[in-house]
Amino acid sequence: MTAFDPLQPDSLARTTTEAVVSVRGLTKVFKDFWGRPKARAVDNANFEVRRGEIFGLLGPNGSGKSTTIKMLLGLLYPTKGHIEIFGHSPRHVKTKARIGYLPEESYLYRYLDSRETLDFFGNLFQLAPGDRDKRTEQLLDMVGLSQVRSRTVGEFSKGMQRRIGLAQALINDPDLIILDEPTAGMDPLGCREVKDLILALKARGKTVILSSHLLSDVEDVCDRVVIYYGGKIQADGTLKELLTERDSIRVTFPSLTREKVQGILGAIQREVPADRIKLDSPSQNLESYFLGVVNRARASEQTAGATSGNQVAEYLRGSAEAGAQQQARVLDRLVAAAPVAEAQAPTVIVPTAAELEAQKKLAALATPAATAPEPKIEIAPKLAMDEVKANEKLANLLGKPKS
Amino acid sequence: MSAYFRILKHPEQGLAAVKHGFSWPAAMLGWVWAFARRVWVPGLALLVVHTALAVAATKLFTDNPGLLIVVGLGLQAFFGARANYLNSRSYQQRGFLYQGLVPATSPSDAIAKFKAVGENIPAEWRLGVAPPLFSLPAGLQQLLAVARLTVKAVVRYRLLPILAVLLVLVVVGLPLLLKHDGTARGLVQIVITYTLSSITAILGLVTLWLATGTLARDVEDCSMQMIAVKPIARWQVWVGKWLGIMALNLTLLGLSGLTIYFLIQWRAANLPDKQQAILKNELLIARGSLKERPLDLDAEVEKNLKERIREIGQIANGADLKQVRKDVKEAIKSQYQAVPPQTTRPWVIETGLARGQLENTPIYLRVKFRSPQYSLKPETFATLWEVGPPNATNRVRISRALTTDTFHEFGINLLDAKGVPVSDPVKGGRYQNLLAPDGKLYIVFGNPNPTALLFDLDEGLEVLYHEGGFGLNFARGIAILFIWLGLLAAIGLAGASYLSFPVAAFFSIAMLIFGLSSGTIAQVVQDGTFGQTNHDTGAKEGMLGAVDFIMVPTFKVALGLLQLVNSFSPVDALSTGRSVSWTALLQALLQIWGLIGGFFAVIGIFAFTRRELATAQSKG
């Protein structure tokens, strides 16, 4: 699967067919003290995660997501089935040097401060002292904990604990990052930063496995997902495959006079029944609005808590390219992305009954305009917005993507 | 050469710069520097240590200048290495926020540079990292990281200060609380026996607690998951934890030992001259021990039995040969042990490699005997001793009245300055060479009493000779205690490798109690039953057949294992001026760590490696 997908930022173009994680017939049965089966947490799961993709694990509580992740990490052993990570067993020690893991809760040592925490995990990855210190500083800066480095993790808020947890997951510059509920407990700013970071990591060819209850998180960043229920995989595929309704088309264009809109609608109504047509005005979502407010306030305020994260750590951006060159590359890539996107088919939406009500407000929505620019088809508005915002923030931090 | 300075900023007080790395002023000035910099707690701690050292120095500087200098310099160097970090922490505790690391020539230069850039702090300053003071070999890095983490847990949870206070109370408080009888032996009994035993008991229990807690709790609160997903083998985590606990034990036991060492030297200065001479010659010394070559009683039993069978022709049907052997063995043993009235009993001691030491150093006999007559209280008997080469003219004759069932020590080659034999060591005294040309020491005991006296084969007579100084001997004794603690740490970790904390703690304590029950176990093995033995008939009573069938052989094996651990008695040796030899230390290392500790380590690591570190949880 290498086709360009306009739904996904940066698309799956960098995803290769090389399987980083391969799961076959995975089954986990928890047993009681006497060895009697107690619960079948995972039942015959099969999936592959390919290099460079963001892979989502979805499912309600108790569906088997975390159990699967723990088996991938070698913390639980499968009752049946087979797991390979980078071609090795999950218990292969050296393979773990290529994995970063953020658990669903803070399992960090509460008596260590944030710097000591990163230093400790850096030591476990056998990083040289200079490299370790450098990465520690960069990660603390990236997750916005530089100024509270002497506070112990036990004193942190849940969001701050997620941040330091995320930092430790990245200290080894992993090729596979497993994130279990990465945005749990984070403020919207932090959530956005995490999602931006995930996209930045993908841009470097990293593979990410993301487990989350927040469907918006998954939708924003994931290339492919599996949906668990009752320990079984109920659905899997790319988001496009799963979400696209191929019998609908969304068209967005600037405001026009009522007559022109009715003319366009008239043309459409000749082909489609009126009750199948939806008309509304695009609105900014709350997340975007919130980020705008906070970003404006950020420059002048000081906080005793976590500050906003800064640049993605230099080593995560990929070597020592000059910042200006990096920016140029990022911008080039973004500029290049637009025409390609324009050539694609329009985005489809799923009209709902409530949305059909909007048709009745047609007259009110169509307002007169002095000039009537040519209508244009906007491709994946949410995607474009996310990408622009991500790159405003990551303007000089996305390094040269791995091919 | 420019240094690196941490820049810290306070909303009201402005900027401060703290140098990164070693602080010479702190190393030189110690607590004065700390108070001047408002680093109160470390400064106060250092002041307390300085005061303690100063008090010790008034008594000990003349005798132990080297040791005091090493301790003092080490302390100052450690403080110098940590001082700037402590200073930086102190600033942050007062509301300063870290801004960056600036290369500069002085604090004022660093602040000036920082001010010059305004709000646009360069990334290399904000993220700047100073070069490390030193780096570790990569292979040890993970192990030591886990070890440091274990130590930090103890320190941060404030167990270390509590433990330190407890040890100080024992080491300093116990000798002050218990008044000795004014003799050298009384002083040693209190300062070494009581305090060292108490310290070992405290550290032993704490070691078990820590070892079970550090692993079991990490697994229970899921912190271990964060380590297990990193490229570190489980055995390294296990060994790292063990190293951390042992680092704590090394520090605490080392400091306690050092304090005891200084304390006894200090308090010895207050003893009368005669007691000081005893202390120097008999107690604060490392005396080697020589005994008669062990007799092969079993061979003699077989020889006697064969002769007897040959005499009688054949064995009667139903004869209990086992019982016969036992009786014969007892009979032979009593022949060697008993010295009938008006007879003598010789001992020939082979000196081997110790020959040189016995020729010109004090030699003591350590004897213990009993009387076959039943008595509630020790009885006193006259004893005659003759030591020296057979038929030589310079044989030493000693006559002493000694009591039964008590260890007695007396010098046999002590001379005064003029060469006249004396019973107790004197200043400027010399020592007579009593060895035969073949290097053997011949000792004869004469029993002038109307009753027989019994000298136990194992502990009836021992020759003690000067082998080395007290300092090193004390260090070796402490090292054996440290080895014991290492075993306890391994037991605790082994339990926690598969069990939850309370169960692991129970397991560890059970193992400790089992280890301390070697006397009972030995008795069961000796009697061959869990029931009682009729001492008149030797028959087993209240026998539990099936239990005995299984448990007696089990106890026999357990006793063998326990003897590998319990055959060392460093506290007893140190308090009686006996040598804890390098061989004993090596033997302890091999037996306690190599065999028993290794067994627990293998079991523990195997279990920990197989263990699933996550459990079924409600999420996901």
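Helices H9 and H17 of chain B cross in a right-handed way. The model is predicted. In chain B, H9 covers residues 184-220 and H17 covers residues 501-516. Their axes come within 9 Å and cross at roughly 155°. Angles over 145 degrees count as roughly antiparallel. H9(B) is therefore roughly antiparallel to H17(B).

- Helix H11 of chain B spans residues 234-268, and helix H16 of chain B spans residues 470-496.
- The axes of H11(B) and H16(B) come within 9 Å.
- Those two axes cross at roughly 150°.
- H11(B) and H16(B) are therefore roughly antiparallel to each other.
- The crossing of H11(B) with H16(B) is right-handed.
- What classes of residue make up the contact of H11(B) with H16(B)? There are 19 nonpolar, five polar and one charged residues in that contact.

**A crossing in chain A**

- Helix H2 of chain A runs over residues 114-124, and helix H4 of chain A over residues 158-170.
- The axes of H2(A) and H4(A) come within 9 Å and cross at roughly 25°.
- Angles under 35 degrees count as roughly parallel.
- H2(A) is therefore roughly parallel to H4(A).
- The crossing of H2(A) and H4(A) is right-handed.

**Salt bridges**

- One salt bridge is formed by B:Arg345 with B:Glu292.
- The closest N and O atoms of B:Arg345 and B:Glu292 are 3.1 Å apart.
- B:Arg345 lies in strand S6 of chain B, residues 344-350, while B:Glu292 lies in the loop between strand S4 (286-290) and helix H13 (297-312) of chain B, so the pair ties together parts that are 53 residues apart in sequence.

- Which residues make the nonpolar surface patch of chain B? They are B:Trp24, B:Met28, B:Leu29 and B:Val32.
- The patch has an area of about 480 Å².
- Helix H1 of chain B, residues 24-29, gives the most to this nonpolar patch, with three residues.
- B:Val32 has its place in helix H2 of chain B, residues 31-36.

Key
Residues are numbered from 1 along each chain as its sequence is written. Chains are lettered from A and ligands numbered from 1 in the order in which they are written. This is a predicted model: local features need pLDDT of at least 70, side-chain atom pairs count only at pLDDT 80 or more; totals for chains, interfaces and linings use all residues. Side-chain values use heavy atoms; hydrogens and water are left out. Axes are lines fitted to C-alpha atoms, for helices over the stretch in contact, and angles run from 0 to 180 degrees between N-to-C directions. Helices (H or I, at least four residues) and strands (E, at least two) are DSSP runs, numbered from the N terminus. Angles under 35 degrees count as roughly parallel, over 145 as roughly antiparallel, 65 to 115 as roughly perpendicular and the rest as oblique. A crossing is left-handed if the near helix is turned anticlockwise from the far one by less than a right angle, and right-handed if clockwise. Ala, Val, Leu, Ile, Met, Phe, Trp, Tyr, Cys and Pro count as nonpolar, Asp, Glu, Lys and Arg as charged, and the others, Gly among them, as polar. Patches are made of residues with over 30% relative accessible area and no salt bridge: like charges are joined within 9 Å, nonpolar side chains (Val, Leu, Ile, Met, Phe, Trp, Tyr) within 5 Å. Accessible areas come from the Shrake-Rupley method with a 1.4 Å probe; for residues, only the protein chains shown count as cover. A salt bridge is a side-chain nitrogen of Lys or Arg within 4 Å of a carboxyl oxygen of Asp or Glu.
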